[in-house]
Amino acid sequence: MGFNCGIVGLPNAGKSTLFNLVTRANAPAENYPFCTIDPNIGIVTVPDDNLNRIADIIKPEKITPTTLKLFDIAGLVKGAYKGEGLGNQFLGQIRGVDAIIHVVRCFTDEDIAHVYNEINPVSDMEIILTELVMADLELVSKRIDSIKKGLRVGKKDISKAEMDLLEAFHTALSNGQCIIDTGLSYEQALMKSWGILTAKPYVIVANISEDDFSQGSHELEDLQRWGAGKGVDVIPVCTKFELEASELEPEERSEFLESVGIVRSGIETLISTCYEMLDLLTFYTPVGKVLTAWTLKKGSTMLDAAGLIHTDIQKGFIKADVVSLEDFLSHNGIHEAKEAGVVLTEGKEFIIRDKDVIVIHFR
């Protein structure tokens with residue numbers, strides 16, 4: 001199981017370059033608005049050194065990492081919620097993602113036009129969020145009207161709790177608030193089914209220039225202050241520079257990035273931030289000749305994990321052997337860990353821990 005994110009932003013902010021950097025998909029990234037018309041979709045394996053550490057012990061024939069599905073979506077402009085630019089198409093494409101990655105331009109380049117002729121990342125973010133708020137307000141208003149119509153014709157299956165939540169959303173959106181900033185209680189699965197955009201967690205990628213790493217950037221500092229005020233992560237990435245570095249061998253790549261002060265790739269930081277933002281964990285199954293990494297929500301049970309692997313395993317679940325990654329590695333495998341008494345035998349209700357190594361027994 002993986003997770004999916006939509007990459008969004010104004011035209012020429014660097015969305016497609018980021019997409020290419022993460023997925024190596026070579027999507028068009030030209031210098032004109034709406035270069036991306038249909039969404040580019042890519043599946044990228046999530047970097048995980050732990051898989052190699054486990055593989056060194058069990059010598060699997062196949063390693064299957066967990067994945068991130070990325071949607072690179074057409075640039076957003078003012079009035080998108082009313083259909084300006086590619087607005088309606090754009091908004092429809094991001095309703096189904098788990099989280100949003102906002103790419104915001106902080107770099108200056110006379111050869112790359114800014115759609116509003118000014119490098120102002122805070123203003124750009126506010127334009128984007130305003131469009132999402134207005135789109136949600138329209139959607140919520142229509143849903144409220146539909147429910148009221150149902151009540152007038154005597155429908156009995158209308159939930160008062162749903163109506164109360166929608167009316168609270170309507171009030172917040174009318175005041176220009178994103179749902180995620182309201183403090184209201186709701187379930188992400190419900191928000192996804194309704195198509196609510198501003199309830200989705202989001203992270204900001206500040207697309208900076210190579211010089212900004214050494215010389216600093218007022219635009220980046222402004223955006224970071226704005227993000228801190230909202231409790232949103234702002235990750236500086238020089239997409240152009242990192243895309244060049246991605247063509248190199250791992251050792252050369254590290255040296256190339258460190259030459260401008262990049263200790264950790266922005267992409268690695270972005271993926272780990274998405275994990276934290278979505279409250280995800282990773283567990284591992286070394287079964288036979290296959291080693292697999294899986295992604296689950298924190299708080300999930302062993303039965304959830306079994307169902308993720310296969311419905312037959314979930315139906316026939318008997319028990320599971322569970323060992324922490326640390327114990328698995330220090331004892332050189334699950335059999336030795338059992339002899340040391342650090343392997344747990346658990347049932348359906350066991351809460352999966354991050355980095356657990358699991359072998360499920362089923363009939």
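User: Is K59 buried or exposed?

Analyst: Buried means under 20% relative accessible area, exposed means over 50%, and partly exposed lies in between, with a 1.4 Å probe and protein chains only. K59 has 62% relative accessibility and therefore counts as exposed. K59 is found in the loop between α2 (49–58) and β3 (62–64), and K59 has a positive phi of about 55° although it is not a glycine. Helices (H or I, at least four residues) and strands (E, at least two) are DSSP runs, numbered from the N terminus.

This is a predicted model, in which local features need pLDDT of at least 70 and side-chain atom pairs count only at pLDDT 80 or more, while totals for chains, interfaces and linings use all residues. Residues are numbered from 1 along each chain as its sequence is written, and side-chain values use heavy atoms, with hydrogens and water left out.

User: Which loop holds K355, and what is its phi?

Analyst: K355 lies in the loop between β11 (344–346) and β12 (356–362). K355 is not a glycine, yet it has a positive phi of about 75°. Its relative accessibility is 26%, so K355 counts as partly exposed.

User: How many residues of helix α1 are buried?

Analyst: Nine of the nine residues of α1 (residues 15–23) are buried, so this helix is largely enclosed by the rest of the structure. Among them are K15, F19, N20 and V22. T239, which lies in helix α9, is also buried, with a relative accessible area of 3%. Contact means heavy atoms within 4.5 Å. Leaving aside neighbours within four places in sequence, T239 is in contact with T17, L18, L21 and N207.

User: How should I read the packing of two helices?

Analyst: Two packed helices are described by the angle between their axes and the distance between the axes. The axes are lines fitted to C-alpha atoms, for helices over the stretch in contact, and angles run from 0 to 180 degrees between N-to-C directions. Helix α4 (residues 121–152) and helix α8 (residues 218–230) pack at an angle of about 45°, with their axes 8 Å apart. That makes α4 oblique to α8; angles under 35 degrees count as roughly parallel, over 145 as roughly antiparallel, 65 to 115 as roughly perpendicular and the rest as oblique.

User: Which residues in α4 and α8 meet?

Analyst: From α4, P121, V122, M125, E126 and L129 meet E219, D222, L223 and W226 of α8. By class, this contact has six nonpolar, no polar and three charged residues. Ala, Val, Leu, Ile, Met, Phe, Trp, Tyr, Cys and Pro count as nonpolar, Asp, Glu, Lys and Arg as charged, and the others, Gly among them, as polar.

User: What is in the largest nonpolar core?

Analyst: In soluble globular proteins, nonpolar side chains tend to be buried together. A nonpolar core is a set of buried Ala, Val, Leu, Ile, Met, Phe, Trp, Tyr and Cys residues joined through side-chain atoms within 4.5 Å. Here the largest has 45 residues, and those with the most contacts inside it include M125, I204, L223 and W226. The elements giving two or more residues include β5 (99–105), α4, β6 (202–207) and α8, and α4 gives the most, with 11 residues. I204 touches H102, V104, M125, L223 and W226, among others, not counting residues up to four places away in sequence. A second, separate core of 26 residues includes V22, V103, V205 and V237.
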